[in-house]
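This report describes selected local features of one protein model. Please consult the sequence and the three-dimensional view while reading.

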Amino acid sequence: MDNRPIGIFDSGLGGLTVVKECMDILPGENITYFGDVARIPYGTRSEETVRRYSLQCTRFLLSKGIKMLIIGCNTASARSLEIIRNTVDIPVIGVIRPGARAAVRATKNSKIGVIGTISTISSGAYEKEIKNISPEADVASAACSLFVPIVEEGWSDTEVARAAADKYLSPVKAHGVDTLILGCTHYPLLKKTVTGYMGEGVTLINPAYETVLEAKSLLGKSGMLAEGNGNPHYEYYTSDFSPKFVQICSEFLHSDIQFCEKVDIEKY
């Protein structure tokens, strides 16, 4: 048994989708979350900058004594996963490979859509993982730059979100995909909007869910699951504190945020 917390970081609020899945799937685990809201978005940054930010987030979470790191950001997973794995001595899980595996399992016509930030899509990380698993898969990708700020503003179910979905998703829909990977941890917060445009017949893949299932399996096999005393401790940190951060966290997690603190991430 290991009661040290699971560490999760994201460029902003999107990683809360991973936190929520951890709460549901691993209810006995303590969680330490860092949202780098002062430097969002990662998706439009250079590869060098994303790696620097990711390593800073990692070093901060390591200072909190975590037992496992989940990179709750598709852009950081695409650009920084291997570097981080080679830097630390704890298990590190990204969100891309679990999402790709789930999409290949779900598709009926081998046509898979991927939506994400500019950086995630340009990296080709999802397409590479999908093709490694299923070489015959036909992948259609689209970068959806405005989706992250829409979520961060709390506009997930608005006309603004629906207009953006119409603009970004039309070529993916025209491709005839039957499965769509929400390739940014912000995007599950747009699930209603995306489903409304794509139609109920398209299966949406939430990599956050698949990633936490992988984390549970790894912790179980390693004997690192928490004792599960029914009273887990959750800590939230951010690089730019604002009441909106706490408000959106509370609304999405359906839980009051008991501990939230601003961090000078540049120190790490």
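## The Lys-67 and Glu-29 pair

Lys-67 counts as buried, at 0% relative accessibility; buried means under 20% relative accessible area, exposed over 50%, and partly exposed in between, with a 1.4 Å probe and protein chains only. The side chain of Lys-67 meets that of Glu-29 in a salt bridge, at 2.7 Å from N to O. Glu-29 lies in the loop between α1 and β2 (31-35) and Lys-67 in the loop between α2 (47-62) and β3 (68-71), so the pair ties together parts that are 38 residues apart in sequence. Glu-29 is buried as well, with a relative accessible area of 3%.

## Basis of the values

The model is predicted: local features need pLDDT of at least 70, side-chain atom pairs count only at pLDDT 80 or more, and totals for chains, interfaces and linings use all residues. Residues are numbered from 1 along each chain as its sequence is written, and side-chain values use heavy atoms, with hydrogens and water left out.

## Other salt bridges

The structure holds 15 salt bridges, each defined as a side-chain nitrogen of Lys or Arg within 4 Å of a carboxyl oxygen of Asp or Glu. One of them joins Asp-24 to Lys-20, with the closest N and O atoms 3.2 Å apart. These two residues are 4 residues apart in helix α1 (residues 16-25), and are therefore separated by about one helical turn. Asp-24 is partly exposed, at 48% relative accessibility.

Glu-47 and Arg-51 form another salt bridge, their closest N and O atoms being 2.6 Å apart. Both residues lie in helix α2, 4 residues apart, which is about one turn of the helix. Glu-47 is partly exposed at 33% relative accessibility, and Arg-51 is partly exposed with a relative accessible area of 31%. Salt bridges that share partners also join Asp-36, Arg-39, Arg-52 and Glu-266 into one network.

## Helix α2

Helices (H or I, at least four residues) and strands (E, at least two) are DSSP runs, numbered from the N terminus. The 16 residues of α2 should span 22 Å at 1.5 Å a residue, and the end C-alpha atoms are 22 Å apart, which agrees; the expected span is 1.5 Å times one less than the number of residues.

The buried residues of α2 include Thr-49, Val-50, Tyr-53, Leu-55 and Phe-60. The buried residues of this helix pack against β1 (6-10), β2, β3, α3 (74-85) and β9 (234-238), where contact means heavy atoms within 4.5 Å.

## Surroundings of Glu-152

Glu-152 is found in helix α7 (residues 147-152) and counts as buried at 14% relative accessibility. A polar atom of the Glu-152 side chain lies 2.8 Å from the backbone nitrogen of Leu-13. Leaving aside residues up to four places away in sequence, Glu-152 touches Gly-12, Leu-13, Gly-14, Val-37, Ile-40, His-186, Lys-244 and Ile-248.

## A parallel sheet

An open sheet is formed by 4 strands in the order β6-β5-β7-β8, with parallel pairing; two strands pair if DSSP finds at least two bridges between them. At the edges are β6 (138-143) and β8 (203-205), each of which pairs on one side only. Neighbouring strands of this sheet are turned by 20° against each other on average, direction ignored; the axes are lines fitted to C-alpha atoms, for helices over the stretch in contact, and angles run from 0 to 180 degrees between N-to-C directions.

Strand β5 (residues 111-116) pairs with strand β7 (residues 179-183) in the parallel sense over 5 bridges. Gly-113 stands opposite Leu-180 in β7.

Terms used. A polar contact is a pair of N or O atoms within 3.5 Å; within protein, one must be able to donate a hydrogen and the other to accept it, and residues adjacent in sequence count only if both atoms are side-chain atoms.
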